[in-house]
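Good morning, and thank you for making the time.

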Amino acid sequence: MLLIRHDRMVLVTLNFLATGSYQSPIGNSRFTAVSQPTVSRCISEVVAAINHPEIFHDWVKFPKDLNELTEVRNE
């Protein structure tokens, strides 16, 4: 199994989430150059880490009402 640094795993995952692309083109990009199975593992591990309650509740916030939504949009 190929070992990949955590910062690179996050970048691969962010690339996938931001583009909504297929996994193979992301892995084949000149910036990442990893296999599709590695891209898949990166996505799985990073998304699982983000979903831990300690991280999710501290870093992911959704507006609770229309006033908060309007405030966020105006910022």
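A residue is called buried when its relative accessible area is under 20%, exposed when that area is over 50%, and partly exposed in between. P37 has a relative accessibility of 43%, and therefore counts as partly exposed. Please keep in mind throughout that this is a predicted model.

Let me turn to the overall architecture. The protein chain contains five helices and zero strands. Followed along the sequence, the pattern reads α-α-α-α-α. The radius of gyration of the protein chain is 16 Å, well over the 11 Å that the globule rule gives for 75 residues, so the chain is more spread out than a compact globule. Along the principal axes, the C-alpha atoms fill a box of roughly 45 × 25 × 15 Å.

How much of the protein chain is made up of buried residues? The share is 19% of the 75 residues. As for the surface, the protein chain exposes about 6100 Å², and carbon and sulfur atoms supply 60% of that area. Turning to charge, there are 7 positive and 8 negative charges, and their mean positions lie 13 Å apart. Regarding contacts between residues at least 6 apart in sequence, 48% join residues at least 24 apart.

The largest nonpolar core has nine residues: I4, M9, V12, I26, V34, V39, C42, I43 and V46. Two elements, α1 and α3, each give two or more residues to this core, with α3 spanning residues 36-50. The largest share, four residues, is contributed by α3.

Which residues does I43 touch, if we set aside those up to four places away in sequence? They are T13, F16 and Q23. T13 belongs to helix α1. Its relative accessibility is 1%, under the 20% limit, so T13 counts as buried. Beyond its neighbours within four places in sequence, T13 is in contact with C42, I43, V46 and V47.

Is L14 buried or partly exposed? With a relative accessible area of 48%, L14 is partly exposed, because that value falls between the 20% and 50% limits. L14 and C42 are 28 residues apart in sequence, while their C-alpha atoms are 9.9 Å apart in space.

Let me finish with two residues of helix α3. V39 is placed in this helix and is buried, with a relative accessible area of 0%.

Thank you for your attention.

Definitions and conventions:
Residues numbered from 1 in each chain as written. Predicted model: local features only at pLDDT ≥ 70, side-chain atom pairs only at ≥ 80, totals over all residues. Heavy atoms only, no water. Buried < 20%, exposed > 50% of the residue type's maximum accessible area, 1.4 Å probe, protein only. Rg over C-alpha atoms; globule rule 2.2 N^0.38 Å. Contact = heavy atoms within 4.5 Å. Areas by Shrake-Rupley, 256 points an atom, 1.4 Å probe, with all protein chains shown as cover. Lys, Arg positive; Asp, Glu negative; His and termini not counted. Charge placed at Lys NZ, Arg CZ, Asp CG, Glu CD. Core = buried A, V, L, I, M, F, W, Y, C linked by side-chain atoms within 4.5 Å.
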